[in-house]
Amino acid sequence: MQTTIAFDDIPVLEPGPMPRAFHLMTKPRGAICNLDCKYCYFLSKERLYPDSSFRMSENLLEEYIRQYIEAQQVPEVTFAWQGGEPTLMGLDFFKLAVSYQQKYKKPGMRVFNSFQTNGVLLNDDWCAFFKENDFLIGLSVDGPQAIHDAYRVDKGGEPTFSRVMRGRDFLEKHGVDFNILCTVHAANAPHPLEVYRFFRDELKTDFMQFIPIVERANETGFQEGEAVTERSVTAEQYGQFLIRIFDEWVMHDVGRVFVQIFDVALAAWSGNRPGLCIFEETCGAALAMEHNGDVFSCDHFVEPNYRLGNIQHTPLAEMVGSKRQWEFGQDKKNSLPQYCRDCEVRFVCNGGCPKNRFIETPDGEPGLNYLCAGYRAFFNHVNRPMQMMTAELRAGRPPANVMLMLAREKLELEKRFAKTGRNDPCPCGSGLKFKKCHGKSR
Ligand code: SF4
Ligand code: SF4
């Protein structure tokens, strides 16, 4: 039997630095969803609100939109709708949201909407609306049918793949922009190329994200304890999954397929900020709001200890610009173990998300990221191609030139392999004998 979790008293907020822009993930239907994906970290949040109807009221919607726009000091603002499953609010709710956005937007301000969905309820009406209002849709798919259906099931435990593909077809029919959000877990981690090629060739998507499932094995659903479920991806699996996809991408798809973590890496290698909170030095500018107006420090910390207040009682800007929230973001940097501070890929990794920092470093310091071995392997693996792409960017040429450069190198190497004896050093420069390296398979 699940227990109800009581909230602590709302903290008194002292003012802190206010970010110029921030992101707020909004859950108008709370944790309510029409599916029952086995690894979902959010379904357990239903316990936080035992007597709730889990529906954001129209008054609260208007108040939220007014405050969110007012608090932003930039000319572009993005509303991020998530869940649970936001389509369960019904289309009229989002028509109203768009009308409030028009009512409150500042002169010259551009308003965008992103909408994360499992796709099951999408139809002509939804997709015509998305197209008309320029929504960017994130569609959750974990791979081809057998892989997707391993964990993404409905409330009756039935597979969902065909219903999701039906939703995807509606998106395509109406020309709606969408990208794929794929979680990486025990069932799809061994099949990186199958997953990637399915998205690229069958779903014809040109933007994808690969989110690791690191699911804590506990009763609360909070970020606590050191054990993970068997559904979770291991660090090594995640690293290899990314490496295999990267190797395919860097030879064939640069400039036409966009994989979020590859973009993050290229940004970091070329001296820019990674642009994704988990790889930033500090965080704290990506908050979450529940259906009743409760605001939390982050979508991954929708827990009583991280509740900043409620927009019906405390202005959103006050919560975002509070010392407490600022400290939450600074902690990401301040709690970094020495092992990370000395790491050669720290400039791009920054220790990853604090929610996954629950293992020890080899010398016993707590606070290392569970995914460390995977991140380290991946970022080291991409070092050389990233340097090549960065050099192209700096020379004012497209980074996609890397494909031609690597293809030429490969051809050159093949020629040298053909002339190499079994006991000669391998021409790839590994220092191994040819028969132990690239000559192994010949
Ligand atoms: S805790 Fe993790 S997910 Fe949340 S804002 Fe920080 S880095 Fe991002
Ligand atoms: S790769 Fe590992 S050691 Fe290096 S910064 Fe990331 S988490 Fe820390």
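Predicted model: local features only at pLDDT ≥ 70, side-chain atom pairs only at ≥ 80, totals over all residues.
The shell around ligand 1 comprises seven nonpolar, one polar and two charged residues. Its members are Cys277, Ile278, Cys283, Ala286, Cys298, His300, Lys332, Cys353, Pro354 and Lys355.

The mean pLDDT of the protein is 94. A value of 70 or more is reached by 98% of the residues. Residues 1-5 are another matter: their pLDDT is below 50. That stretch still has eight contacts in the model beyond near neighbours in sequence.

Turn to ligand 2. Around this ligand stand Tyr339, Cys340, Cys343, Val345, Arg346, Cys349, Gly351, Gly352, Asn369, Cys372, Tyr375 and Arg376. By class, seven are nonpolar, three polar and two charged. H13 gives the largest share, three residues.

H13 spans residues 372-381. Cys372, Gly374, Tyr375, Phe378 and Phe379 are its buried residues. Viewed down the axis of H13, these buried residues fall within an arc of 160°, so they line one face of the helix. What covers them? The cover includes H7, helix H8 (260-269), helix H12 (346-349) and strand S12 (366-368).

Tyr375 leads on to helix H7. The C-alpha atoms of Tyr375 and Gln240 are separated by 9.5 Å. Along the chain the two residues are 135 residues apart. Gln240 lies in H7, which covers residues 235-252. Is Gln240 buried, exposed or in between? Gln240 has 19 other C-beta atoms within 10 Å, so it counts as partly exposed. Being buried would take 20 or more.

Now the sheet. Ten strands form an open sheet with mixed pairing. Their order is S7-S6-S5-S4-S3-S2-S1-S8-S9-S10. Strand S7 (258-259) and strand S10 (307-310) stand at the edges. Each has a single partner strand, so one side of each is left without a neighbour in the sheet.

Look at one pairing within this sheet. Strand S5 (residues 178-184) and strand S6 (residues 207-212) run parallel. Five bridges join them. Which residue of S6 stands opposite Ile180? It is Met208.

Note on methods:
Residues numbered from 1 in each chain as written. Chains lettered and ligands numbered in written order. Near = placed C-beta within 6 Å. Nonpolar A, V, L, I, M, F, W, Y, C, P; charged D, E, K, R; others polar. Helix = DSSP H or I, 4+ residues; strand = E, 2+ residues; numbered from the N terminus. Buried ≥ 20, exposed ≤ 12 C-beta atoms within 10 Å, placed from the backbone. Pairing = 2+ DSSP bridges. Arc of directions from axis to C-beta. Contact = placed C-beta atoms within 7 Å. pLDDT = per-residue confidence, 0-100.
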